[in-house]
Amino acid sequence: MSLRIVVTVKYVPDATGDRHFADDLTVDRDDVDGLLSELDEYAVEQALQIKENADDDVEVTVLTVGPEDAKDALRKALSMGADKAIHVEDDDLHGTDAIGTSLVLAKAIEKAGYDLVISGMASTDGTMGVVPALLAERLGVPQVTLLSEVSVEDGTVTGRRDGDAASEQLQASLPAVVSVTDQSGEARYPSFKGIMAAKKKPVESWDLSDLDIDADEVGLEGAWTKVEEAAERPARSAGTIVKDEGEGGKQLAEFLASQKFI
Ligand SMILES: Cc1cc2nc3c(=O)[nH]c(=O)nc-3n(C[C@H](O)[C@H](O)[C@H](O)COP(=O)(O)OP(=O)(O)OC[C@H]3O[C@@H](n4cnc5c(N)ncnc54)[C@H](O)[C@@H]3O)c2cc1C
């Protein structure tokens, strides 16, 4: 029996770059380089490990919803070892919120065909951590989120979720959606061979009409959430220096109390 895994990967603005909001209060993606969200590298890694450990055929498809440059994120995932990629791109997606993104991802996953969806625990830009749950709801399948260990056997996905006080062992029958944490295992670096092989792997491009989604269901118009206001973070101030002239400890405690740290 074969297993079809779809990994959702997000193309995010480089956190080390100078990031801004555009005039319509969406993220300005033109003036900053982007990359595959680091947290989604863990999702790709887990899919590849399931493939490597399986006796049966496993196909790993990586899926992104994003602008033209989001292809870079797909190429990275393909060079790590994924088999094929799907890129959903459409001008009408500008300003889409998490609800809209989950609609587009779910329709694309259904069109691609799947047994298991693997997502990151959160994106490194929006960091809402809601898309996997939204996807499971839209697809009508079980969700097993925040796993630090994941395996698949006999039509069942099993994983471990680590909390502060306990670890849970969870199971769901396939098809299912899982999300994995940054504790699930170091993501591999693409090898030179992998980078060369990725150039020949198939990348399908779909737009909203391919997914039977109306423009008013997504974009700024279709968004359920709205950014009302955004302001530059104020420049860092010089800070407070506590000189120890016998009363240093007391001054330090007073300072920490004034900032509500203690
Ligand atoms: C072209 C475009 C324009 C957008 N404009 C806006 C905007 O103006 N305002 C706004 O609020 N939001 C916008 N979004 C949506 C936003 O960037 C997020 O994708 C969405 O809100 C999900 O929130 P999050 O990133 O916090 O996801 P989380 O819930 O933190 O993500 C969890 C996991 O879901 C998957 N995932 C999330 N997003 C994607 C994706 N796009 N493709 C593939 N996998 C994904 C990843 O596996 C990720 O690790 C836009 C998205 C696109 C594609």
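Rings of Phe, Tyr and Trp (its six-membered ring) count as a pair if their centres lie within 6.5 Å, with planes under 30 degrees apart called stacked, over 60 edge-to-face and the rest tilted. By this rule, the structure holds zero aromatic pairs. The structure is a predicted model, in which local features need pLDDT of at least 70 and side-chain atom pairs count only at pLDDT 80 or more, while totals for chains, interfaces and linings use all residues. Residues are numbered from 1 along each chain as its sequence is written, and side-chain values use heavy atoms, with hydrogens and water left out.

**Around the ligand**

A residue is near a molecule if one of its heavy atoms lies within 4 Å of it. There are 29 residues around the ligand, and those that come nearest are Lys-10, Asp-40, Thr-96, Ser-123 and Val-130. By class, this shell has eleven nonpolar, 13 polar and five charged residues, where Ala, Val, Leu, Ile, Met, Phe, Trp, Tyr, Cys and Pro count as nonpolar, Asp, Glu, Lys and Arg as charged, and the others, Gly among them, as polar.

The table gives polar contacts, which are pairs of N or O atoms within 3.5 Å.

| Residue (backbone N or O) | Ligand atom | Distance |
|---|---|---|
| Thr-96 | nitrogen | 2.5 Å |
| Ala-122 | oxygen | 3.4 Å |
| Met-128 | oxygen | 2.8 Å |

Taken alone, the ligand exposes 890 Å², of which the protein buries 91%; such areas come from the Shrake-Rupley method with a 1.4 Å probe. Two or more residues of the shell come from each of strand S4 (58-65), helix H3 (98-112), strand S6 (116-120) and helix H4 (131-139), where helices (H or I, at least four residues) and strands (E, at least two) are DSSP runs, numbered from the N terminus.

**Charged side chains**

Side chains of opposite charge can pair when their charged atoms come close. The structure holds twelve salt bridges, each being a side-chain nitrogen of Lys or Arg within 4 Å of a carboxyl oxygen of Asp or Glu. One of them joins Arg-4 and Asp-115, at 3.2 Å from N to O. This pair links distant parts of the chain, 111 residues apart, with Arg-4 in strand S1 (residues 3-8) and Asp-115 in the loop between H3 and S6.

**Backbone**

A cis peptide bond, with omega about 0°, joins Leu-174 and Pro-175, and Pro-175 lies in the loop between strand S10 (167-173) and strand S11 (176-180).

Definitions and conventions
A polar contact is a pair of N or O atoms within 3.5 Å; within protein, one must be able to donate a hydrogen and the other to accept it, and residues adjacent in sequence count only if both atoms are side-chain atoms.
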